[in-house]
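Good morning, and thank you for coming. Please look at the structure on the screen while I speak.

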Amino acid sequence: MRVLQLEKVGVFFPGRTLFSGISWSVFRGQRVGLVGVNGAGKSTLLKIIAGDASASEGQVSLARDATAGYLPQSGVAFRGSELFAEAFSGLPDIPHLLRQLEEARTLLPVAPHDEALLELVGVLEHRFHMLEGYRAEAKVAAVLGGLGFKESDFRRSTEEFSGGWQMRIALSKLLLHDPDILLLDEPTNHLDLQTVLWLEGFLREFNGAVILVSHDREFLDGMITEIAELAFGRLTLYPGNYSDYEAGREEREQLLIKEQEKVDTERKHLEKFVERFRYKASKATQAQSRLKRLEKLEDVEQLAHTKSIHFRFPEAEASGKWVLELSRAGKSYGSLSVFEGLDFVVQRGERIALVGANGAGKSTLCRLISRQETPTQGTVDLGHNVKVEFFAQEAESGLNLEATVLEEAEAENRSMSQSELRGLLGAFLFQGDDVHKRVKVLSGGEKSRLALAKLLLRPANFLILDEPTNHLDMASQDVLLDALKHYGGTLLIVSHDRFFLDRLVGRVLELEAGRLRDWPGTLSDFLERKGLSERSRSESGAPQAKQVDLSVGKLDGAKREKELKRLEAEIRNRYSAELTALKTEAERCEQRIARLEARQQEIEVLLADSEFYGNPAKSGATVQEYKRIREDVPRLYDQWQEAERRLAKLEMSKNIELEKVRATENA
């Protein structure tokens, strides 16, 4: 079924065409990655489809009764409601239907014999059952849990959440609304690694269409089925995921080069003929014909390219063998403990990923290591001759707002020529005259990119990067990735970008529940061992059971006991969200069954009274209600039993994991 149709859509600005003549059909079940260089118009096209912007020409049509849901990159804020209520309002029809039901039911004690009111309540309840309203709260809890919210967050006011969490609230409402087409503009920018994996799985199972703008290669590969490339003002479709698209790019490029060579050869022959015979009377007609052909001959447009830039970090003095050591380090803000008892050592040349849920304390730990903050307990020691540079998510606060982009770069490195500096800035999407813009007029994303470019110009032997790829397109990511591959110092990187991390790191530090766990190996190794890789997810329908680290048994005394308790807490936390959702669903079914069975008994008393049939309209509505109850109760029992079955299975999986830990404890 077609859900979206674009017909000759174009956007024009004075002296510039962003894109034109785009005709495109999107069908239910398609998951499309919308790609193109920075400034090609991807976000603009999404806004036009969503109805948040107007095209200069053409028409955008959704199928009859179809709905679209749009997530912008930023700028979303919710106020004046609790988190759960705000997310619940995203459900289609159900919140409004519940309000109608509550209003109608409050009138029943006042007018218990009002036939129209009784019929309205019956109709509303039937509609509520058809929409599976009894599962609504469990569904909301499951989506909020998947997006990283804790159950303790559900009653918090929405204004208490920061910008990144505000975007998650918007995403939760969008997913719960279940539109026919989802329009997502960089949805992973504000998510941690585990939430990205959850969203990827959710979108793979989504029944509607998806159009997605993202610079996260692994995310694109994990869920899309088609690429739509916006380049040279036109839209071109390619089957497959992003890796398929990239692999075929070189082949397409070679074909275009060959076509251009044919055009060049023909042009040369035509020019030669015209030059030779245009003034010869016997050949004048042929020469004119070829001249017209020459005028119509057009070059073949090549693929869009970002100039290839290779950057190398300035040389820094080598550090000592031991770069960093944390001993029983902890950080608290008043009564809030972020983490405690962290012990780990970093050696020269190591490349480490720091992962964990948003709010686990990754950025706080980075600030401690870079000496921007001090620990409230334990020690954080840097080794001999260690020079740290830290790129933080708020790094733009250190920019000179009155300087130009180029002046800011020049202030960091006087040894590079303007041409070299402009090349580096171009790699971070400051093209042409953009380098002469004042910093104060840049957007938040542009300031972040400039701060990252400045950091790369400073000599350091220990780099700490906190989400460095968030505002970079794929070409810029490649420049940064290439530079980091050739970097001779030590790296600590916080990122949710699996493609980026997997090509750099050989060790993963996981911060969870205030504790740090060390995983040697690549990010793929880490995901495999955690049960979060594609293979392990496909092998299990339940939350993947983690292997108990048997090396715990080699620890002694308090350390061993503490680590075992941490493992038990980790297992309980991992199962918590789904167990809560299933328990809620089972309880709702039980409550609904109890109400319906009580009402059934009331009606059966009425049906046994001969006077009840004296009013045919009233008795007819009640009989219809009785029939619906007789149909609904068995169905609710089935749903309750299914929830209880899944609950028992999940509890068993959890208990098996806990038993493994306890067996280790007793060993």
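I shall go through the sheets, then the helix pairs, then some single residues.

This is a predicted model, in which local features need pLDDT of at least 70 and side-chain atom pairs count only at pLDDT 80 or more, while totals for chains, interfaces and linings use all residues. Residues are numbered from 1 along each chain as its sequence is written, and side-chain values use heavy atoms, with hydrogens and water left out.

Helices (H or I, at least four residues) and strands (E, at least two) are DSSP runs, numbered from the N terminus. Two strands are said to pair if DSSP finds at least two bridges between them. Strands of a sheet pair through backbone hydrogen bonds, either parallel or antiparallel.

First, consider an open sheet of three strands in the order β2-β1-β4, where the pairing is antiparallel. At its edges are β2 (16-27) and β4 (57-62), each of which pairs on one side only. From one strand to the next, the twist averages 15 degrees; such angles run from 0 to 180 degrees between N-to-C directions, and axes are lines fitted to C-alpha atoms, for helices over the stretch in contact. Helix α1 (residues 42-50) packs on this sheet and touches β1, β2 and β4, its direction making about 55 degrees with that of β2. Contact here means heavy atoms within 4.5 Å. Strand β1 (residues 2-13) runs antiparallel to β2, and eight bridges join them. One example is arginine 2, whose bridge partner in β2 is phenylalanine 27.

Strand β1 also contains lysine 8. This residue has a positive phi of about 50 degrees, although it is not a glycine. Is lysine 8 buried or exposed? Lysine 8 is exposed, with a relative accessible area of 60%. By definition, buried means under 20% relative accessible area, exposed over 50%, and partly exposed in between, using a 1.4 Å probe and protein chains only.

Another open sheet of three strands has the order β11-β10-β13, again with antiparallel pairing. Because β11 (336-347) and β13 (377-382) stand at the edges with a single partner strand each, one side of each is left without a neighbour in the sheet. Neighbouring strands in this sheet are turned by 15 degrees against each other on average, direction ignored. Strand β10 (residues 322-333) and β13 run antiparallel and are joined by five bridges. Leucine 324 has leucine 382 in β13 as its bridge partner.

Three bridges join β7 to the parallel strand β3 (residues 31-35), with valine 32 opposite isoleucine 211. Five bridges join β7 to β6 (residues 181-185), also parallel, and leucine 182 is partnered with valine 210.

We turn now to the helix pairs. The axes of α6 (residues 163-177) and α7 (residues 193-205) come within 13 Å and cross at roughly 20 degrees. That makes α6 roughly parallel to α7. Angles under 35 degrees count as roughly parallel, over 145 as roughly antiparallel, 65 to 115 as roughly perpendicular and the rest as oblique. Arg168, Leu171 and Leu175 in α6 meet Thr195, Trp198, Leu199, Phe202 and Leu203 in α7. An α-helix has 3.6 residues a turn, so residues three or four places apart point the same way.

How do α12 (residues 405-412) and α13 (residues 418-427) compare in what angle they make, and how far apart are their axes? They pack at an angle of about 115 degrees, with their axes 10 Å apart. The two helices are therefore roughly perpendicular to each other. Val405, Leu406, Ala409 and Glu410 of α12 make the contact with Gln418, Leu421, Arg422 and Leu425 of α13.

Finally, helix α5 (residues 136-146) is mostly covered, with eight of its eleven residues buried. Among them are Ala136, Val140 and Leu144. Just after α5, glycine 148 takes a positive phi of about 100 degrees. Phenylalanine 232, in the loop between β8 (226-231) and β9 (234-239), also has a positive phi, near 55 degrees. Phenylalanine 232 is partly exposed, with a relative accessible area of 47%.
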